[in-house]
Structure formats: C-alpha cells, structure tokens
Amino acid sequence: MSLSAHDKELIVKVWTKISPKAAQIGGDALGRLIVVFPQTKIYFSHFADLSPSSPQIKAHGAKVLGAIGEAVSSIDNVSASLSKLSELHAYNLRVDPVNFKLLAHTLLVSLSAALGAEFTPEIHLAWDKFLAIVAAVLSEKYR
Amino acid sequence: MVHWTDEERQAITSIWAEVNVEEAGHQALTRVLVVYPWTQRYFSTFGNVSNATAIAGNHMVRAHGKRVVVALGDAIKNLDNVKATYAKLSELHSEKLHVDPENFKLLGETLIISLAAQFGAAFTPDIQAAWQKLMAVVTAALSKQYY
C-alpha cells in the first residue's frame with residue numbers, strides 16, 4: 001500500500017488547513033481514545049488525570065499530532081522522519097501496535113468532526129492510508 | 001444480554017432522532033467503497049463503482065445504503081434484543097450474500113465517521129463510545145449465524 005500523488009496532495013492540503021487547531025484536534029483524538037477504548041489507559045497510568053478533559057491527555061494528544069505533522073512535511077520519506085520515534089516505540093514505550101489502529105480511528109473521527117462535509121471520502125481514504133503507513137513505520141523495529 | 005446504561009440509550013436515541021437515514025446510509029456506504037475498495041467485490045451488479053465520483057453518484061449505492069441504515073433502526077428500536085432481531089439478516093449475509101463479517105466492522109467505523117462529520121463536536125467522546133458499542137453489538141449479531 002502506497003500513497004499516490006493525489007493522496008499526498010490531499011494529505012498536505014488537510015494538514016495545512018487544520019494546523020492552526022492541530023493541538024486541539026490531537027487532544028480531542030487522544031481523549032476519544034481513552035473513552036472509547038478504555039484499555040488504552042494502561043499506557044498512561046502515570047498521568048494524574050485520566051479523563052478526556054485532562055490537561056496531560058490534551059498535551060500528549062497535541063504532541064502526537066505534532067509528530068504526525070512532521071511526517072506530513074516529509075511525506076516522501078515518512079520512515080526517515082519518524083526514525084527516532086520508531087526506536088522509542090520499539091525499545092522504550094513498547095505500545096502494542098494494535099493501538100496505532102485504534103488511535104488512527106479516533107484521529108479520523110476528530111478530523112471528521114472538525115472538517116464536516118470537507119472530510120470527503122477521498123480525503124478519508126488518503127488519511128486512512130497515511131495513518132496506516134505511520135503505524136507501520138512506528139512498529140517497524142519491534143522485532 | 002447486552003446491558004445498556006440510561007446514558008448509552010440516550011446517546012443512541014438522541015443522535016438517531018437527528019439522522020437523515022438516506023443521507024447517512026449513502027455517506028457510510030460510499031465511504032466503505034472508496035476507503036476500502038476491495039469491498040466493491042460485493043457490488044459487481046451495481047454498475048460503475050470504480051471511482052469515488054461514480055460511487056457517490058450511483059443510485060443503487062444510495063438505495064442500498066439507505067436500506068442498511070433503515071435496518072440499523074430496527075436494532076435501535078430493539079436494543080435489548082439485537083441478536084434475535086438480526087437472526088434472519090445474519091443468515092442472509094452468511095448463506096446468500098456471502099459477506100465476510102469483517103465488513104460489518106468496516107461499515108460500523110465509516111458510519112461513526114459519517115456521524116462525526118454531521119454532528120461535529122456534539123458527537124462527544126461519550127456519545128461516540130455508546131455508538132461504538134452499538135456497532136460492536138450489531139456486528140456480533142450479524143456474525144452470529146455464520147458457521
């Protein structure tokens with residue numbers, strides 16, 4: 001599975017549009033993750049507040065979407081741009097890769113909620129593929 | 001039997017009251033066919049479903065999407081007995097339609113995303129969680145008669 005030129009265009013276009021509210025969208029996505037898939041809270045047991053409105057959850061969500069934004073700016077070489085994060089996830093965090101799919105889903109929901117009708121099926125497709133690629137890169141060094 | 005809290009029932013029925021069944025069905029099914037193009041295998045008799053524009057404009061897709069979401073309404077009216085409500089539908093999907101049950105999951109996900117597009121921030125995490133639970137219950141019920 002790879003990104004067509006058109007996919008890349010749509011991904012970058014959406015990123016440009018949402019980057020002013022990236023922190024809020026990221027926070028929203030992580031908040032949704034811990035509510036909809038409560039088992040994901042085990043990775044945040046060191047956070048004092050594990051509600052979706054928690055400042056730590058919001059900050060962490062912002063950070064995650066920020067990293068995804070970095071991958072967008074290097075969309076022709078996602079593997080290189082996420083190399084350090086890939087190592088971090090493999091050797092330190094060791095988040096089960098199934099959770100990348102769960103977060104990809106809640107991120108799509110947050111994007112959809114933010115963009116409404118502008119989150120067209122083609123844009124949904126491009127972002128679904130992109131997030132799957134990000135997930136694959138992050139799990140690349142696990143074993 | 002599935003246990004639903006009052007909040008979950010409320011989350012489901014309050015959103016459902018505002019849903020345009022034909023539009024939501026059209027959105028969700030269009031998204032499935034575009035985002036997961038291998039699902040087009042089930043629609044070879046629907047004419048042109050080979051690209052996003054064709055899919056979105058295809059009146060058979062629209063009609064079918066509506067049918068699916070109308071059936072979802074049956075589950076919502078029978079939250080305490082979705083399994084029995086869907087027994088015949090499950091058999092149909094297994095024996096006649098030969099649909100891989102993975103597709104129930106995919107449609108569930110795209111419906112959630114379509115609802116988020118319609119409702120925006122009003123589709124809160126808690127409301128989303130109730131709907132995800134509903135989609136899981138519907139998926140399980142539709143998969144029940146497969147053997």
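**Exercise 1. The interface**

How much area is buried between chain A and chain B, and what percentage of it do carbon and sulfur atoms give? Then work out what the side of chain A that touches chain B is made of.

*Solution.* Before the steps, some ground rules. This is a predicted model, where local features need pLDDT of at least 70 and side-chain atom pairs count only at pLDDT 80 or more, while totals for chains, interfaces and linings use all residues. Residues are numbered from 1 along each chain as written, chains are lettered from A and ligands numbered from 1 in the order written, and side-chain values use heavy atoms, with hydrogens and water left out.

Step 1. The buried area comes to about 1,700 Å², and carbon and sulfur atoms give 65% of it. Buried area here is the accessible area (1.4 Å probe) that the two parts lose on being put together, summed over both.

Step 2. Next, count who touches whom: 19 residues of chain A are in contact with 20 residues of chain B, contact being heavy atoms within 4.5 Å.

Step 3. Now look for polar links. There are zero salt bridges between chain A and chain B, a salt bridge being a side-chain nitrogen of Lys or Arg within 4 Å of a carboxyl oxygen of Asp or Glu. Seven residue pairs, both members at pLDDT 80 or more, do make polar contacts across the interface. That term asks for a pair of N or O atoms within 3.5 Å; within protein, one must be able to donate a hydrogen and the other to accept it, and residues adjacent in sequence count only if both atoms are side-chain atoms.

Step 4. On chain A, α2 (22–36), α6 (98–115) and α7 (121–139) each supply at least two residues of the side touching chain B. The largest share, six residues, comes from α6(A). Helices are DSSP runs (H or I, at least four residues) and strands are too (E, at least two), numbered from the N terminus.

Step 5. Sort that side by class and you get nine nonpolar, seven polar and three charged residues.

**Exercise 2. One residue at the interface**

Find which residues A:V35 is in contact with, leaving aside its neighbours within four places in sequence.

*Solution.* Start in helix α2 of chain A, where A:V35 is found. Its contacts are A:P52 in its own chain, plus B:P125, B:D126 and B:A129 across in chain B.

**Exercise 3. A salt bridge inside chain A**

Which residue does A:E118 form a salt bridge with?

*Solution.* The partner is A:K17, with the closest N and O atoms 3.3 Å apart. A:E118 is in the loop between α6 and α7 of chain A, and A:K17 is in helix α1 (residues 5–18), so the pair links distant parts of the chain, 101 residues apart. Over all chains, the structure holds 10 salt bridges.

**Exercise 4. A tryptophan in chain B**

*Solution.* B:W16 belongs to helix α1 (residues 6–18) of chain B.

**Exercise 5. Confidence**

What is the mean pLDDT of chain A?

*Solution.* The mean is 95, and 100% of the chain A residues reach 70 or more; pLDDT is the predictor's confidence in each residue, from 0 to 100. Among the elements of chain A, helix α5 (residues 83–93) has the lowest mean (93) and α1(A) the highest (98). Chain B also averages 95. The model scores ipTM 0.78 and pTM 0.87.

Note on methods
Ala, Val, Leu, Ile, Met, Phe, Trp, Tyr, Cys and Pro count as nonpolar, Asp, Glu, Lys and Arg as charged, and the others, Gly among them, as polar.
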